[in-house]
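Biologist: Hi! Could you walk me through this one? I'm new to reading structures.

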Amino acid sequence: MKINWIIQPPAFVRRLFFNSLWRLPRKQRHKTIALTFDDGPVPEQTPWVLDLLDKYQVKATFFCVGDNVRRHPEIFADIVRRGHTVGNHTFNHLQLFKTPWADYCANIELCNQHEKGLAHYFRAPHGQITPWHAWQITHKIGFKKLVFWDVMPKDYDNRLQPEEVFDNVRNFVRDGSLIVFHDSIKAGERMRYALEQTLATYSAQGWHFVAL
């Protein structure tokens, strides 16, 4: 199987960010998956995701865009109320490589304010980060961990069919995988199909789903 660097980043990239979270420690008794969601909350997707997670009694981690939290505080509150973990994804979904560092830091802090200090994890939009910036985010800004991913199914890619998105999960998932879905309008039915198939398939096989 051909390795796709976006779907599953190679080991040498992971070593550059050795103090960041890419996968979970593997368990001896149960295979484990961590589900994460980027870019919400939005009314078109996030409530549906929360209801589906409740159906399977699964907790997940939501890397929220601060401006979406500002516009939909009731959905953010529902994420927290249902026992999920939240993370910071900047206030305006900024691309680091196109943004001055001081402005990027201010945007992270603005997101923190709207998330009421509940976010202990950070994920960079588009994965745009360098090892130096990663160190600054954890040691200077104070996040517990910078979080990447082990499987990116590419539900945001409108060139893919929903079945192809789930194939990306099925072909690359392994014990300890940290999977990224997007509770965004753009991800649409691709996310819904792939998420439901992931929960149904791996729950039936005895895998455990955990939040960070």
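Modeller: Happy to! Let's start with D39, which sits in the loop between β1 and α2. Helices (H or I, at least four residues) and strands (E, at least two) are DSSP runs, numbered from the N terminus. This is a predicted model, where local features need pLDDT of at least 70 and side-chain atom pairs count only at pLDDT 80 or more, while totals for chains, interfaces and linings use all residues. Residues are numbered from 1 along each chain as its sequence is written, and side-chain values use heavy atoms, with hydrogens and water left out.

Biologist: Is D39 buried or exposed?

Modeller: D39 counts as buried, because its relative accessibility is 16%. Buried means under 20% relative accessible area, exposed over 50%, and partly exposed in between (1.4 Å probe, protein chains only).

Biologist: And what is its phi, for D39?

Modeller: D39 has a positive phi of about 90°, although it is not a glycine. Most residues other than glycine have a negative phi, and most peptide bonds are trans.

Biologist: Which peptide bond is cis, then?

Modeller: The one from G40 to P41, with omega near 0°. P41 also lies in the loop between β1 (32-38) and α2.

Biologist: What about H126, what is its phi?

Modeller: Phi of H126 is near 65°, a positive value in a residue other than glycine. You'll find H126 in the loop between β4 (121-122) and α6 (131-141). H126 is exposed, with a relative accessible area of 52%.

Biologist: New topic! At what angle do α2 and α4 cross?

Modeller: Roughly 15°, and the axes of α2 (residues 46-55) and α4 (residues 73-81) come within 10 Å. Axes are lines fitted to C-alpha atoms, for helices over the stretch in contact, and angles run from 0 to 180 degrees between N-to-C directions. The two helices are therefore roughly parallel to each other (angles under 35 degrees count as roughly parallel, over 145 as roughly antiparallel, 65 to 115 as roughly perpendicular and the rest as oblique).

Biologist: Which residues make the contact?

Modeller: T46, P47 and L50 of α2, with I75, D78 and I79 of α4; contact means heavy atoms within 4.5 Å.

Biologist: Last one: how many disulfides are there?

Modeller: A search of the whole structure finds 0. A disulfide is counted as a pair of cysteine sulfur atoms within 2.5 Å.
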